[in-house]
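This report goes through selected features of one protein model, from salt bridges to sheets, a helix and aromatic rings. Please keep the sequence and the structure in view while reading.

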Amino acid sequence: MKNLKLLLKIYLLIGSFYACTEQIDMQLNSTSKKLIVEGELSNEPRVHSVKLSCSTDYYNSQSEEVVSGALVRISDEKDTIQLNESATKKGTYLTSSDYHGVPGHTYHLTISKVDLNHDGNIRSYEATSKLNPVATLDWISLEYEKSDDYYRIFMYGQDPKDTKDYYAFRVYLNNKLVTDTISEITLTDDRFFNGEKIEGLNVQNLYQGKKDEVIKNGDMITLEMMGITQDGYNYIRDVKSSINKSTPLFGGPPATVAGNISNGAIGFFLTYSSSKASLIFDKANALYDGYYTP
């Protein structure tokens, strides 16, 4: 994750339909200390993390400090696990490598033994999020836009019937995440294709002017489609809007962003299902204007 300021450093932390959202006052002064929670849980068996930090000054990213020594747990209807703090990255709490969420389950994050001001005032925080299922991503294709030197990424799949679905999209190049900030995440809901087959929806782009997005022959391009919740969709949308909003020089930070962490903390507890599709790029087999399918 790139070292951006407070909003950018909240890494796609997504809530649920059942989360108790609250309005977080982002007009922080130099003495306001807030816990920042960067947590995620997907349906893929792997190490999942919850990062805890705090900042006293919105305008000074160097003021952020990690929060070590907390007690972090994740539970669902059946089990409760305790995350272990990383020995090499203090303030980052990790699950085992085989842990994963189950679509349809609701997950509860609890964070306790937090002393932000080191004054003995111990605080606890909570978040609840349902892990939604995701449509199957069947395959992807590319189309080159010569005038602006970028590749459009198109997805193909089947949207589920009888449900309102919300999606977020990320891109990996040779298994490395390249859309690694919240401003690069793209979003859509299924209002225009609910229950229908999706035949070539442009959901992400790779800009050849960006060093880490340049495509070469033999590169593997992977699109990840994440089934998120309405609260998560709204959160990402609002943060992206705040980041891109043109404000006066001394206009101050955005007024409010809805979060699902209790007790005044900032951020979202992310739960999502993931579906991925990849292609190996071979420019020699590209069709007209760089259009390419596997």
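This is a predicted model: local features need pLDDT of at least 70, side-chain atom pairs count only at pLDDT 80 or more; totals for chains, interfaces and linings use all residues.

The side chains of K197 and D138 form a salt bridge, with 3.8 Å from N to O. K197 belongs to strand β16 and D138 to strand β11, so the contact ties together parts that lie 59 residues apart in sequence.

The salt bridge count comes to 13. Side chains of opposite charge can pair when their charged atoms come close. One of these pairs is K216 with D219, where the closest N and O atoms are 3.8 Å apart. D219 is buried, because its relative accessibility is 7% and the cut-off is 20%. In another pair, R237 and D238 are joined with their closest N and O atoms 3.1 Å apart. Both partners are partly exposed: D238 has a relative accessibility of 27%, and R237 has a relative accessible area of 41%. Salt bridges with shared partners also link E40, E44, R46 and K276 into one network.

## The sheet of β11, β12 and β16

The strands that carry D138 and K197 are part of an open sheet of three strands, ordered β11-β12-β16, with antiparallel pairing. At its edges are β11, residues 137-145, and β16, residues 197-207, each of which pairs on one side only. Neighbouring strands in this sheet are turned against each other by 25° on average, direction ignored.

Strand β12 covers residues 150-158 and pairs with β16 in the antiparallel sense over nine bridges. Within this pairing, M155 has L201 of β16 as its bridge partner.

How many of the seven residues of strand β3 are buried? Five are, so the strand, residues 49-55, is largely enclosed by the rest of the structure.

Strand β2, residues 34-42, pairs with β3 in the antiparallel sense over six bridges. The two strands form a hairpin, with six residues between them. I36 has S53 in β3 as its bridge partner.

Strand β3 also pairs with strand β8, residues 92-94, in the antiparallel sense over three bridges; here S49 stands opposite L94. Strand β4, residues 65-66, runs antiparallel to β3 and is joined to it by two bridges. The bridge partner of S53 in β4 is V66.

Another open sheet has four strands in the order β6-β5-β9-β10, with antiparallel pairing. Strands β6 (80-82) and β10 (123-130) stand at the edges with a single partner strand each, so one side of each has no neighbour in the sheet. From one strand to the next, the twist averages 15°.

Strand β9, residues 106-114, pairs with β10 in the antiparallel sense over seven bridges. One of the residue pairs is L109 with A127 in β10.

## Helix α2

Helix α2 runs over residues 230-244 and has 15 residues. From its first C-alpha to its last it reaches 21 Å, close to the 21 Å expected at 1.5 Å a residue.

Which residues of α2 are buried? They are D231, G232, Y233, Y235, I236, V239, K240 and S242. An α-helix has 3.6 residues a turn, so residues three or four places apart point the same way.

## Aromatic rings

There are seven aromatic pairs in the structure. For Y167 and F169, the ring centres are 6.5 Å apart and the planes are at 45°, so the pair is tilted. Both Y167 and F169 are buried. Elsewhere, Y144, Y151 and F281 form one aromatic cluster.

A ring also meets a charge at Y172: the charged end of K276 sits over this ring, 4.9 Å from its centre. K276 is also one of the members of the salt bridge network with E40, E44 and R46.

Terms used
Residues are numbered from 1 along each chain as its sequence is written. Side-chain values use heavy atoms; hydrogens and water are left out. Rings of Phe, Tyr and Trp (its six-membered ring) pair if their centres lie within 6.5 Å; planes under 30 degrees apart count as stacked, over 60 as edge-to-face and the rest as tilted. Buried means under 20% relative accessible area, exposed over 50%, partly exposed in between (1.4 Å probe, protein chains only). A charge sits over a ring if NZ of Lys or CZ of Arg is within 6 Å of the ring centre and within 35 degrees of the ring normal. Two strands pair if DSSP finds at least two bridges between them. Axes are lines fitted to C-alpha atoms, for helices over the stretch in contact, and angles run from 0 to 180 degrees between N-to-C directions. The expected span of a helix is 1.5 Å times one less than its number of residues. A salt bridge is a side-chain nitrogen of Lys or Arg within 4 Å of a carboxyl oxygen of Asp or Glu.
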